[in-house]
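Subject: A structure for you to look at

Hello,

Here is the structure I promised to pass on. Have a look at it first, and then read my notes below.

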Amino acid sequence: MEEKATTAEPKEKKTHDKQEVVIEIKHLKKSFGNKDVLKDINLVVHRGENVVVLGKSGQGKSVTIQCIVGMLTPDDGTLKVFGEEVPGLKEKELKELRIKIGFLFQSGALYDSMTVRENLEFPLTRVLKIKDQAEIDKRVEEVLEGVGLADAIDKMPSDLSGGMRKRAGLARTLIIKPEIMLYDEPTTGLDPITSREISELILNMQKKYKTTSIIITHDMECARITADRVVVMNDGEYIEEGSFDGLQKSKNKIVQSFFKDIS
Ligand SMILES: Nc1ncnc2c1ncn2[C@@H]1O[C@H](COP(=O)(O)OP(=O)(O)OP(=O)(O)O)[C@@H](O)[C@H]1O
Ligand SMILES: [Mg+2]
């Protein structure tokens with residue numbers, strides 16, 4: 001194992017290529033009935049960058065990333081991933097795009113009737129259509145090692161703790177080596193120590209696989225650990241963005257409210 005999953009390492013200076021835009025969102029709008037959820041979302045994410053999205057509950061954070069993977073269709077605006085307009089993609093193109101995007105759902109997502117190994121084999125055989133069992137075994141072992149779960153390979157999800165299930169869910173997403181990772185509240189429901197471990201894992205995944213990530217969280221420690229850049233969402237818009245330290249000094253009351261409980 002090159003990097004121990006849970007090691008607290010100081011955050012390196014940004015290594016991403018500032019020039020290459022991976023996700024570009026302009027004036028994105030989405031309403032449900034008469035409820036305007038996304039009013040004017042603008043966001044540019046560069047390759048290798050970790051962008052954290054903060055925002056109160058029900059603001060549309062999950063809706064935004066569901067638009068990015070084409071699960072929801074926006075009403076207006078542009079949304080490009082790798083330069084392609086996502087809402088215009090045909091089913092086949094959308095499938096190809098989704099292979100490049102890992103999505104860690106808010107609810108986690110393991111098949112309860114399958115072992116950890118079987119859960120991890122699933123995306124390899126079904127999505128990537130890999131048939132070589134030696135290759136499958138190698139990738140399953142490698143990714144489990146990476147998330148510190150090598151010993152749990154033959155366990156059932158019900159035999160894992162909440163933190164271990166999150167790790168397994170993360171491994172299942174990472175196994176297809178996505179270029180983009182979308183994390184929807186990766187640490188919710190976990191104790192502070194496990195949350196920290198997951199946050200450090202997200203950081204290590206960025207370093208190891210050079211993934212581009214959007215991380216939605218309410219967990220300020222997670223934001224502090226993972227963010228190259230933080231955006232704050234309120235009332236259907238991103239109202240401020242900057243570094244974690246920069247936003248901590250913000251004059252905006254709403255932005256301040258996220259930082260008020262931390263030292
Ligand atoms: N498929 C849908 N159909 C109708 N309304 C929806 C749908 N998805 C989301 N909404 C509504 O959009 C709003 C924003 O939801 P969203 O899940 O994006 O919030 P959130 O910012 O992720 O909140 P939380 O922090 O609680 O996860 C909510 O009012 C929600 O009820
Ligand atoms: Mg949400």
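A word on terms before the notes: helices (H or I, at least four residues) and strands (E, at least two) are DSSP runs, numbered from the N terminus. This is a predicted model, where local features need pLDDT of at least 70, side-chain atom pairs count only at pLDDT 80 or more, and totals for chains, interfaces and linings use all residues. Residues are numbered from 1 along each chain as its sequence is written, while chains are lettered from A and ligands numbered from 1 in the order in which they are written.

How confident is the prediction? The pLDDT (the predictor's confidence in each residue, from 0 to 100) has a mean of 89 over the protein chain, and 92% of the residues reach 70 or more. Residues 1-10 have a pLDDT below 50.

Now to helix α1, residues 61-68. Its buried residues are Lys61, Thr64, Ile65, Cys67 and Ile68. Here, buried means that 20 or more other C-beta atoms, placed from the backbone, lie within 10 Å of the residue's own; exposed means 12 or fewer, and partly exposed is in between. Seen down the axis of α1, these buried residues fall within an arc of 150° (taken from the directions from the helix axis to the C-beta atoms), so they line one face of the helix. After α1 comes glycine 70, with a positive phi near 80°.

The protein chain is divided into domain 1 (21-100 + 178-259) and domain 2 (114-176), with bounds from an automatic or database domain assignment. Their contact takes eleven residues from domain 1 and nine from domain 2, where contact means C-beta atoms, placed from the backbone, within 7 Å. Helix α6 (residues 192-209) gives five residues, the largest share of the side of domain 1 that touches domain 2.

Finally, which loops hold lysine 177 and lysine 210? Lysine 177 is between α5 (162-174) and β7 (180-184), and its phi is positive, near 50°. Lysine 210 sits between α6 and β8 (212-216), with a positive phi near 55°. Most residues other than glycine have a negative phi.

Best wishes

Definitions and conventions. Two residues are in contact if their C-beta atoms, placed from the backbone, lie within 7 Å.
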